Each structure stands twice: as C-alpha cells, then as structure tokens.
Protein chains: 2
Amino acid sequence: MLKNTTFLDALALRHTPYTPVWLMRQAGRYLPEYRASRAKAGSFMDLVRSQDFCAEVTLQPLDRYPLDAAIVFSDILTIPDAMGLELSFTVGEGPRFAKPLRTEADIAKLVVPPMDSLRYVFDAVSACKRALNDRVPLIGFSGAPFTLACYCVEGGGSTEGYPLTKSMLYSAPQVFERLIDVLTHTVADYLIAQSRAGADALMIFDTWGGILPAAQYRALSLAPMAEIIRRVREKTATPIIIFSKGAAGHSLEQMASSGAQGVGLDWTSDLAAARALVGKKVALQGNIDPLIVTTTSAAVEAAARACIDEAGGLPGHLFNLGHGLTPQAKPELVGELIAHIQTLSRAKKST
Amino acid sequence: MLKNTTFLDALALRHTPYTPVWLMRQAGRYLPEYRASRAKAGSFMDLVRSQDFCAEVTLQPLDRYPLDAAIVFSDILTIPDAMGLELSFTVGEGPRFAKPLRTEADIAKLVVPPMDSLRYVFDAVSACKRALNDRVPLIGFSGAPFTLACYCVEGGGSTEGYPLTKSMLYSAPQVFERLIDVLTHTVADYLIAQSRAGADALMIFDTWGGILPAAQYRALSLAPMAEIIRRVREKTATPIIIFSKGAAGHSLEQMASSGAQGVGLDWTSDLAAARALVGKKVALQGNIDPLIVTTTSAAVEAAARACIDEAGGLPGHLFNLGHGLTPQAKPELVGELIAHIQTLSRAKKST
C-alpha cells in the first residue's frame, strides 16, 4: 500500500490536501549527490543499464525533498538503441546514433525489438519500486514515437528544427509513417512491461511534437500516442500522462481527448485558460519555467504564487516545471519551490 | 501610384483577385544571385550600410518571382549596434555583441540612440523605394523590443532559451523593464523614420517572445509592441504587421487587439482556427513550414493546397512562410510555391 497517494489522487481528479509535486529530471546533474554517483566508472548507457545505479539516483531527490512521486532513472533513447541504432553520449554534444535511419531501406527493415533487449529498464523499474518501499508512487516513461523518430532520423539532437526528419516526413510520408508505426507498437509494449514491473503511472514525453504544423502534430504525434494509450489500456489501468512541448497552444482539446488521464503543459501555457478549455476531462501537469530555479528566492516565490493562483486550487493539478530541470538549477531554490507549492496549495485548498 | 496593391488591399481586409505572396528572408542565401552579391568585399554590416547593396539584393527575388511585396534588406540588430553594443557577424556562429548588457549599470546608462546613427537604414529604404519604381509596396521592419533585449543581454543568439535574459527578467524585473522601455521608444522612432523614408508597410519581428510564459509574453513583448503601434499611429497611418513566433497558441486574441493591421503566424498555427478566433479584426499572414521548400514539388503543392483550403479564400490573408527561408531552400521550389498559392487562391476567390 502506497503511503502517499497525493499524486495518484490528483491524477484521478480526486480531492487532495495539497497539490502534489514532482519535477521532470528531478534526479539529475543539478544535484551534487547525482554528480558523485555519475562519476563512477562507465559510460552513461552502462549506468542506465545498472539497476543499482538507477535505484540509487532515482531515490536521491526523494531523500532531499518531500516529493510526491519518483520517476525511474532512464533515458528516452533506450528504444532506438534496442532497435540497433547504436546509441552513445558524447560530452557536451548529447546523444548520437552510429546508425541513423535515413533511407527507405533503413526503415523497411526496422522491426519491433524483442522486449527482452530492454529488460534492463524493467529491472530498473522493479529495483526502484523495491527501494522506494511504497513511500511514493513510481512513474515509468517512454519517449513519444514522433520524438523518437526525430532522433532516429537526425542521428541525434538538432538545434535547427530537425531538417532531415522533416524532409523525410514531407517528401516520403509513407516511409515516415512506417517508422512511426513501428515505434508506436514498441512504445506500447515497453510501457506495458514497465507497468508490469511495478510502475504506478506512465508518462510519454514528446519533446519535439511542437515543431510540427498543427495538422501534422495531430496525425504524426498525437494519434500515435492515443494508439499507445489504447493498447496499454487493453492490458492495464495504470494511468498515463502525455506531454508535448509547444503543442498545447493549438491542440490541447485534442490531447485531452486522447485517452490520457493527465496532460503535461510547458511553461508557456496559461494554466487557468487550459483548465477552462479541458474542464474536468483530464488532470493538468505543470508548468513553471524551469529557468526560475536558476534565479532568486523572490522570483521562485512569485512564480509559485502565480502558478497556484492560476491553477485555482481545483482538483486535478499536478505541479511540475514546464520542462526538465537544467544542470544550472540551484538545489536550495528547488527545495524552496517545492515548499511554496505545497504550503500555498494547502492553504488554498482548505479555504 | 503603386502598380500592384494586392498586398496592401489584403492587409486592409479588402477583396483581392488572389492571395498576395511575400516570403520572410526572400532576399537571402538560398538565391545564387544573392550569394554572388554577398561575395563582394566587406563585412555583413558594411553591406547593410550600403544603400546600393541593399537596393540590389532587395530587388533580386522580385526579378525572379512574381512577388507582391518587397522588404528592405537590413538586419534587426541595427538598433543595438546603434546603442553601442558593437555588432559583428562571425561565420557559422551568427551575430555577436562585443559589449552585451549584463548588469544594472549597463542598462542604467542606456539611452535612445539618435536616429541619425541609423540613417543608413532610412537611406536604404529610400533607395529600395526608388529602385522598385512602384512595382510593389515596400515593407520596412524592426525587431521587437523583447527579441532585441534577448540579443542585447545574451550577447548573441542562444540555443538554450536565452538563460541570461531570463535570469535578468526574473531576478531583476525593473532593470529588464528599463531595457524594454528604451528599446520600445527606439523601435517606434525607427519605424516612423522608415515610413517617412518610403516604407508602405511596417513589420515587427518578435523571434523570441514565444520563449516566455503567456503572462510575461503579454507584459514584456506584446504590450511594448502595442505601445510602438500607438506611437507610430500618432505620426503615420502606415499599416503594421506583428509576428511573434510561438506565441499565437496562447495570445492570438490579444495580438489581434494590439492595434496592428496584420498578425503573422508561424507554421504551427492552424489558419482556419486562427481566423475563427480573430474574426475580421486583423489580416493574418502565414504560414507554411519553411522547410517545405527544401523538399519536393509534390510536398510543396500539397502544402500550398492545404494552406489555401485552411485560409478559406476569405479576404485578409497574406501568404508567407511560417518563418524565414533557410539557406537550404531550393529556388525552383520557391517559384513553384508562389505559383501554386497565386493560382489556387485565384481559382478559389473567383468561385
């Protein structure tokens, strides 16, 4: 039995005594204890493959802050790696695939990888679940098919709006759709397996869906996520949150109809306007600018106050940042942010 | 008397026989004739300071394509350069300021620069106007105060969401507001002077307003643009278009109430939804993904058809891309795009 169900209650739009808090990339480089663990021998992927390392760093922010959920330490690029694209991380340059998918032939031979090749992730989920000892729920996650496709085609990150990916999707739409289709099947299997391994909630991260025109976003990013939710639902009732950075402005209503229990909002959305648009259909997660926790105590307090005012103390708000914590986040400001959100929302909900 | 008033008619929501077309960065590196002109001796800023060069390259796309407007060749960073930040362009790295604005002291001593220091821009406007010989209207432009502030504080472009700028605006809001205030006064004077030099329309480019939370966008980017429009309106009736990449999703209605005659939309917006939201209040400009013209004829035709379908053949649509042409754009596809838009819209408007 979970000792803290605030996160799951809010995700189900049930009343909670305060707004639950977790933070994207809450286990990460801004924490000195993470940097110490990370300094151990081995590449980043060696560490992601170690269930001991994953459990250790997953719990670090929980030991420091009164967070209401944990998220398994892993990476969204485990799936393309399992498909044979050969992932590596270079210092200062981010992820790279030795074998990107550039041609019709590359994609024609692509298959859903056996889930056994991703067992290390499910083992990490189980290890985190054991280590948590039911303190808070554990979130499992995957990248969204479109976001994974961006990295697969481009061969890594892009600061230019993923030109190779867009070139493929505009000039060879059937080829691109096959890539999305294989990824959709894979992500569904991957999330089902994480749920079976102990995840209490599942999150789909769509970092790049927002680079698409609205119509293409709905067809190539949101529809595959809805298909994943449908497939997961056939096997388990584990709640699902979707998050597409930069797409809520044109497609929030469609996201709320995807079958997801929660929709994540980036820092540009107005929480009150978003709630007015979706009503009580879904929980909303978000959404302070992650750069706030690189600044000052006064700025953190002002942002927390504005966020709780906008969210209105209604059920169905999960506090998070609007994107992941950066390495420049100040740990003491992260602590102040969490305290402000929990205190301010407790006061608001009790009035 | 202008020989082609399609652009100005559409901007005033009057009926036009077809949808007028111009393209952001239509004079640029994708054109071989531009690259040939650009290869002349001198830095980029030397060329921007030459009215002969500006007139020559401004007219190049007009000689190649049946465009319905010209835009003076210049750069948005002329204003910070005139403020003493010392602009230079390094190959592959983009703009750099030798003296960025990082401290309260830097900003305390900032003043509106004398417009005489920007005379070379107004001379370029006049030279373009003479060279055009009334073929089509000429657009003058400026960067928006918030976008200029981003470059001033950061000291150049950022692929990390302008962390120094955000740090200043969150932790020293009065300091940042003084910067915005000086830029607002300057941009207003700058646009008035371009109008007097012969510009038939004015555009305010806000490349970075979309990185802000909705409330900060409205206070720090849109409100200053509305103040500029108010100041310009005291001196001239020259119509104004504003364009904030990434902000229409949360603030399109507010943009339409800014006093601008036109609102530019980036490639993520749905044109039909945008029109439904703003009614007949403003013209809408946009919005095909600029990467389309790096792909294939079939993709260009499909995108043109979808755009004209979405825009519905109603008055008040100015065709453009959703952002500037990239150096990878194929000149023959740009020509096909223009032809498709003009032909398809002519057929639609005559039914």
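This passage describes a predicted model with chains A and B, taking the interface first and then selected elements and residues.

Between the two chains, 24 residues of chain B are in contact with 24 residues of chain A. The area buried between chain B and chain A comes to about 1900 Å², and carbon and sulfur atoms give 64% of that area. Within the part of this area that chain B buries against chain A, 27% is supplied by Y170(B), T268(B) and L291(B), which is more than any other three residues supply.

Polar and charged interactions were also counted across the interface. There are two salt bridges between chain B and chain A, and D289(B) forms a salt bridge with K166(A) in which the closest N and O atoms are 2.7 Å apart. Eight residue pairs are in polar contact between chain B and chain A, with both residues of each pair at pLDDT 80 or more. On the side of chain B that touches chain A, helix 9 (163-171), helix 11 (214-233) and helix 12 (248-256) of chain B each supply at least two residues, and the largest share, five residues, comes from helix 9 of chain B. By residue class, this side of chain B divides into ten nonpolar, ten polar and four charged residues.

Within chain A, helix 4 (residues 51-64) was examined for its length and its packing. The 14 residues of helix 4 of chain A should span 20 Å at 1.5 Å a residue, and this expectation agrees with the end C-alpha atoms, which are 21 Å apart. Residues F53(A), C54(A), A55(A), V57(A), T58(A), L59(A), Q60(A), P61(A) and L62(A) of this helix are buried.

F176(B) is placed in helix 10 (residues 173-196) of chain B, and F176(B) is buried because its relative accessible area is 1%, where buried means under 20%. When residues up to four places away in sequence are not counted, F176(B) touches F146(B), A149(B), T165(B), M168(B), L169(B) and L220(B). The C-alpha atoms of F176(B) and C150(B) are separated by 10 Å, although these residues are 26 residues apart along the chain. In helix 15 (residues 331-349) of chain B is Q342(B), which counts as buried at 12% relative accessibility. Leaving aside its neighbours within four places in sequence, Q342(B) is in contact with Y18(B), T19(B), V21(B), P66(B) and D68(B).

A further buried residue, N287(B), is found in strand 8 (residues 283-288) of chain B, and at 6% relative accessibility N287(B) counts as buried. A polar atom of the side chain of N287(B) lies 2.7 Å from the backbone oxygen of S269(B). With residues up to four places away in sequence not counted, N287(B) touches L265(B), D266(B), W267(B), S269(B), L271(B), C307(B), F319(B), N320(B), L321(B) and G322(B). The peptide bond that joins G286(B) and N287(B) is cis, with omega about 0 degrees. In chain A, the peptide bond from G286(A) to N287(A) is cis, with omega near 0 degrees, and N287(A) has its place in strand 8 (residues 283-288) of chain A.

Positive phi values in residues other than glycine were noted at two loop positions of chain B. L13(B), for which phi is near 60 degrees, is found in the loop between helix 1 (6-11) and helix 2 (32-38) of chain B. With a relative accessible area of 24%, L13(B) is partly exposed. Y162(B), for which phi is near 55 degrees, lies in the loop between helix 8 (145-154) and helix 9 of chain B. At 0% relative accessibility, Y162(B) counts as buried, whereas L13(B) is partly exposed.

Definitions and conventions
Residues numbered from 1 in each chain as written. Chains lettered and ligands numbered in written order. Predicted model: local features only at pLDDT ≥ 70, side-chain atom pairs only at ≥ 80, totals over all residues. Heavy atoms only, no water. Contact = heavy atoms within 4.5 Å. Buried area = accessible area lost by both parts, 1.4 Å probe. Salt bridge = Lys/Arg side-chain N within 4 Å of Asp/Glu carboxyl O. Polar contact = N/O pair within 3.5 Å; in protein donor to acceptor, adjacent residues only side chain to side chain. Helix = DSSP H or I, 4+ residues; strand = E, 2+ residues; numbered from the N terminus. Nonpolar A, V, L, I, M, F, W, Y, C, P; charged D, E, K, R; others polar. Expected span 1.5 Å × (residues − 1). Buried < 20%, exposed > 50% of the residue type's maximum accessible area, 1.4 Å probe, protein only.
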